[in-house]
Amino acid sequence: MYEIINDFIQIEIVSMFISAALPLFVFILPFALFAVLAERKVSAFMQDRIGPNRVGYHGILQTVADILKLIQKEDIVAEKNDKVLFNIAPYLVFAGSFAAFAAIPFSSKYIGSHTEVGIFYIIAISSLVVAGILMGGWASNNKYSLLGAMRSAAQIISYEIPTALVVLAMIMFTGTMSLDAMSQQQTAYFWNWNILGGHETGILKIVLTPFMISGFLILFTSTLAEVNRVPFDIPEAESELVSGFHTEYTGMKFAMFFLSEYANMFAVGAIVTAVFLGGYQSPFGYIGNSIGVTWLVPIEQFFWFTAKGLFMVFVQMWLRWTLPRLRVDQLMTICWKYLIPYSFLNLIVIGIITLL
Amino acid sequence: MDLTSLNNSLRLITPEIILSIFLVIVVVVDLILKSNKKVIPYLAVLGFAVTGIVVISSLDSSGFAFITASTSSKQFGMFAHDPLGGFFKLLILSVSIFIVLFTITSSEIKQIHLRSGEFYALMYGMVLGMMVLVSAVDLILIYVALELLSLSSYVLAGFTKLRDRNSEAALKYMIYGVVSSGLMLFGISIVYGLTGTTNLYLINSLLQGPQINILTLLFAVLLIMAGVGFKISAVPFHFWTPDVYEGAPITITAYLSVASKAAGFALLIRVIQIGFVSFVGSDGFWNLIPVFDWKALLVLLSVLTMTLGNLSALWQNNLKRMLAYSSIAHAGYLILALATLSTQGVVAVLIYFIFYALMNLGAFYIVMIIADRTGSEDIDDYDGLGYTSSFLGVSLIILLVSLVGLPPTAGFIGKLYLFIAVLDAEMYVVAVIAVLNTVVSLYYYLRVLKHMYLTKASDSTQSVRASGGEKIILLLLVVPTLLFGIYFQPIVDFTKSCITVLGV
Amino acid sequence: MDLYDIIFYLFALLTLVSAYFVVTNKNIVHSAFFLLFTLFGIAGLYVLLGADFLAVVQIMVYVGGILILLLFGVMITNKITNVSIKTGTIHIIPAAIVIGLFAGALASIMVKTQWQTESAKIPFTTSYALGKSLITEYVLIFEILGILLLIALIGAASIARREEKE
């Protein structure tokens with residue numbers, strides 16, 4: 001994508017910027033449109049009811065109606081709120097979630113930025129989200145918002161550790177930090193995906209697979225905690241803290257928080273697919289290759305990547321109505337006493353197998 | 001770096017490896033034993049003793065570990081294993097053994113005995129930092145070892161958390177220490193910018209080259225001296241010393257006053273001798289590279305330190321604070337010995353350090369025993385103690401006379417060698433100032449003796465009896481103080497054999 | 001003056017202005033948030049120097065760790081005792097003189113010295129070279145840093161823990 005834009009505009013740095021910023025308009029906005037509706041419909045079907053079906057054909061235009069509603073709502077800023085911080089917080093949170101999309105490989109031809117430190121950059125930039133959440137919670141001048149923000153920040157930074165450890169094990173295994181290169185290594189068919197042992201062959205693959213699967217589960221759980229979804233959604237639990245750190249936000253700012261949560265959900269789903277489930281590779285060959293039309297392949301890869309990512313998002317929504325919410329001390333216990341030792345064990349075993 | 005040179009390097013850092021293994025053992029044993037932690041101090045002493053034996057056995061070998069830089073003829077590493085480093089390592093290890101023995105009977109440590117395992121683990125961290133610091137010749141390794149040493153000592157200074165004064169001491173120590181480490185790092189980065197390397201030997205050869213900007217080097221060295229001066233409590237960087245020494249638990253105060261200073265002085269000797277000396281003349285005097293006037297800086301620092309230390313100690317009523325200012329004054333004498341910039345000066349520093357360690361540890365131990373029994377460190381509560389506890393009184397007489405520097409004690413021999421070195425370098429004015437300072441120090445040391453022997457005890461003072469174990473440890477410190485005042489030749493021979501620095 | 005220079009000046013301006021506001025702002029929570037932008041500006045400067053790994057580590061460690069800790073500390077202790085933390089200077093004239101001398105000395109040194117330079121190409125990625133030199137040349141420093149982190153952990157946990165009553 002960078003080359004195509006660069007041929008058009010000769011200035012290197014502007015084309016780099018445009019190619020890294022493209023996912024926002026091309027992907028996140030349509031995805032958010034789709035995801036809000038999907039969440040409501042999915043939860044409805046799981047709870048044996050119908051969900052929104054008034055607006056448009058079976059409720060398809062519901063998100064548009066939501067956005068119109070949020071735009072025309074009054075933007076309330078209370079008197080004692082810290083005005084500067086209150087206004088900046090949603091944009092900081094959104095910037096953190098959005099910046100992670102620059103290193104996600106949508107297809108072999110389109111990746112926002114070919115940086116070598118890909119996955120590491122994504123983990124690092126998600127810490128901007130924490131700063132934004134703390135800012136929002138503090139500026140609301142509301143005890144419950146502050147409490148929700150503190151809990152959320154503690155949860156996110158605790159669960160960054162198992163995430164980083166599992167990702168580190170995979171970096172050791174694949175030998176590269178760039179998600180693009182990781183996806184390229186998992187070529188051919190689905191038994192080459194990292195979750196089933198990756199590029200090892202023979203007996204090592206069979207030994208490795210249980211550790212890869214446990215690594216996948218640990219990564220999925222920790223990233224679930226990073227986006228504040230059930231069962232880790234203490235920070236925004238409706239029955240406990242009203243709405244956590246975004247209680248006092250109305251209108252467009254609330255829409256920003258909302259949008260950034262969905263963007264985050266897809267970003268972590270994308271990370272999990274790129275690292276473990278083969279990225280943009282298809283599980284059984286490409287139609288474009290078999291009929292000789294090679295420019296079809298990147299489009300197919302985009303389709304496969306989005307499908308896998310959307311499946312992970314669906315699993316996250318599924319879990320929301322399946323599992324009960326964890327208490328705050330149970331949440332911390334799981335992270336520090338169980339996930340971290342298991343991910344260390346994972347790291348050691350995968351490291352040893354990589355050496356062999 | 002290939003495997004053979006790695007093996008060689010690992011063989012040269014065996015003491016540090018043994019120390020790290022014992023650190024892990026102490027942490028694990030602390031984890032296993034939940035409530036009865038009496039065995040951990042003895043384990044700590046065992047670890048230090050084993051490391052000491054290894055250091056003694058390798059005292060005659062020397063070599064570079066972890067070769068990082070090489071010129072056309074020689075190879076330089078970042079860790080220099082040589083007799084000077086071995087001497088300081090032995091000194092630090094023996095001081096650490098004494099401090100652990102002190103903590104076994106100290107009441108402050110007994111009050112926190114549930115956390116005492118962590119105390120010894122932190123002490124191991126501090127000793128490891130000091131052992132690497134006295135042998136480090138690469139600026140980055142110096143900084144990392146200094147940080148390890150400082151971090152453990154910040155925590156140890158505030159460990160008991162029993163009184164407000166304790167946390168205040170730790171906080172002040174930490175803030176001063178962090179700022180001075182930051183300044184030192186800034187100085188190191190400027191030196192790196194000027195010379196393009198962080199190895200002290202390469203910096204030496206590059207400083208002799210043509211294009212070094214003198215002003216920049218002056219700025220950088222002053223910043224580095226801020227960091228080093230903090231560790232040795234030299235005068236404009238001494239403000240933390242009285243408050244921290246008064247607030248910290250007394251065993252840690254004794255430790256900081258001897259071991260931490262020793263590590264700082266080893267660092268200073270190495271930086272000057274390796275970084276700035278072009279060759280050593282036949283009369284033992286160092287010829288410096290003419291980029292920085294070390295003599296003027298060191299003489300200025302030493303005069304300020306001696307004077308301020310001695311004059312401030314005159315007003316102190318709290319014994320710990322008085323000993324703190326007295327240790328500042330002793331640092332001043334040591335800097336004076338170093339300011340002669342000669343091998344006699346370094347020999348004097350080493351000899352003085354051995355005796356200073358004995359005297360200071362003994363004095364702090366007696367203050368600790370009395371503070372444990374009577375609960376006070378104020379000099380007025382020492383009234384008449386000389387008659388009720390005669391053993392402690394006599395020991396304190398010997399130690400205080402030695403601290404002043406009167407014969408026939410070891411302190412006199414230390415000061416003798418110091419003055420010989422200073423007069424040899426023909427620095428007469430400074431020698432007179434040092435003698436005047438010694439006379440001034442007579443007052444505040446003997447004031448303690450006056451309170452102990454010449455003031456009648458008030459009715460509420462109880463007699464202080466030292467237990468058997470404490471008497472033995474005190475004898476181990478007092479008897480050498482007297483003995484080395486008369487028969488000091490083996491010490492002098494030992495230090496003279498220990499002053500060779502690798503590669504100079 | 002090409003585009004890279006303009007980006008450098010933008011990041012430098014961001015860093016300096018935020019640093020100025022960190023020091024002079026009366027509200028301590030605002031100072032902490034300006035520190036966020038300062039650290040971010042420095043990460044941008046690292047990227048412009050070609051140190052990509054270091055820039056990401058700067059964001060992860062400083063913004064994601066140290067700044068969050070700072071924010072927790074500042075937010076929790078700000079309103080507890082109803083004593084607002086004073087963040088002003090008391091003796092302005094002596095401070096101004098000392099800072100002026102120091103800044104003048106620093107500026108003249110930075111401009112007039114001939115620093116050692118070597119011509120090097122900006123590498124595509126620094127992670128490999130960094131990792132290799134940490135394990136071969138600087139391995140002693142690496143191991144001692146490991147022990148330093150252990151000691152820091154033990155010390156922090158020991159100091160911050162509430163005492164258990166026997």
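Residues are numbered from 1 along each chain as its sequence is written, while chains are lettered from A and ligands numbered from 1 in the order in which they are written. Because the model is predicted, local features need pLDDT of at least 70 and side-chain atom pairs count only at pLDDT 80 or more, whereas totals for chains, interfaces and linings use all residues.

The model scores ipTM 0.89 and pTM 0.90. For chain B the mean is 87, and 97% of its residues reach 70 or more. Within chain B, helix H7 (residues 139-157) has the highest confidence, at 94, and strand S1 (residues 63-70) the lowest, at a mean of 71. Helices (H or I, at least four residues) and strands (E, at least two) are DSSP runs, numbered from the N terminus. Where pLDDT is low, the predicted coordinates should not be read in detail.

Chain C is divided into domain 1 (1-81) and domain 2 (124-166), with bounds from an automatic or database domain assignment. The C-alpha centres of these two domains of chain C lie 24 Å apart.

Towards chain A, 18 residues of chain C are in contact with 21 residues of chain A; contact requires C-beta atoms, placed from the backbone, within 7 Å. Helix H2 (28-48) and helix H3 (52-78) of chain C are the elements that give two or more residues to this side of chain C, and H3(C) gives the most, with 11 residues. By class, this side has 14 nonpolar, three polar and one charged residues. Ala, Val, Leu, Ile, Met, Phe, Trp, Tyr, Cys and Pro count as nonpolar, Asp, Glu, Lys and Arg as charged, and the others, Gly among them, as polar.

Towards chain B, the contact takes 21 residues from chain C and 33 residues from chain B. Here helix H4 (92-112) and helix H6 (139-160) of chain C each give two or more residues, and H6(C) supplies the largest share, 12 residues. The residues on this side of chain C divide into 13 nonpolar, six polar and two charged.

A nonpolar core is a set of buried Ala, Val, Leu, Ile, Met, Phe, Trp, Tyr and Cys residues joined through C-beta atoms within 7 Å, buried meaning that 20 or more other C-beta atoms lie within 10 Å of a residue's own. In the largest core, of 192 residues, Ile92(B), Leu133(B), Ala145(B) and Tyr352(B) touch the most other members. Helix H15 (residues 343-374) of chain B gives the most to this core, with 24 residues. Beyond its neighbours within four places in sequence, Ala145(B) is in contact with residues including Leu133(B) and Ile144(C). A second, separate core of 115 residues includes Leu196(A), Leu39(C), Ile59(C) and Met60(C).

How values were computed: Two residues are in contact if their C-beta atoms, placed from the backbone, lie within 7 Å. A residue is buried if 20 or more other C-beta atoms lie within 10 Å of its own, exposed if 12 or fewer, and partly exposed in between; C-beta atoms are placed from the backbone. pLDDT is the predictor's confidence in each residue, from 0 to 100.
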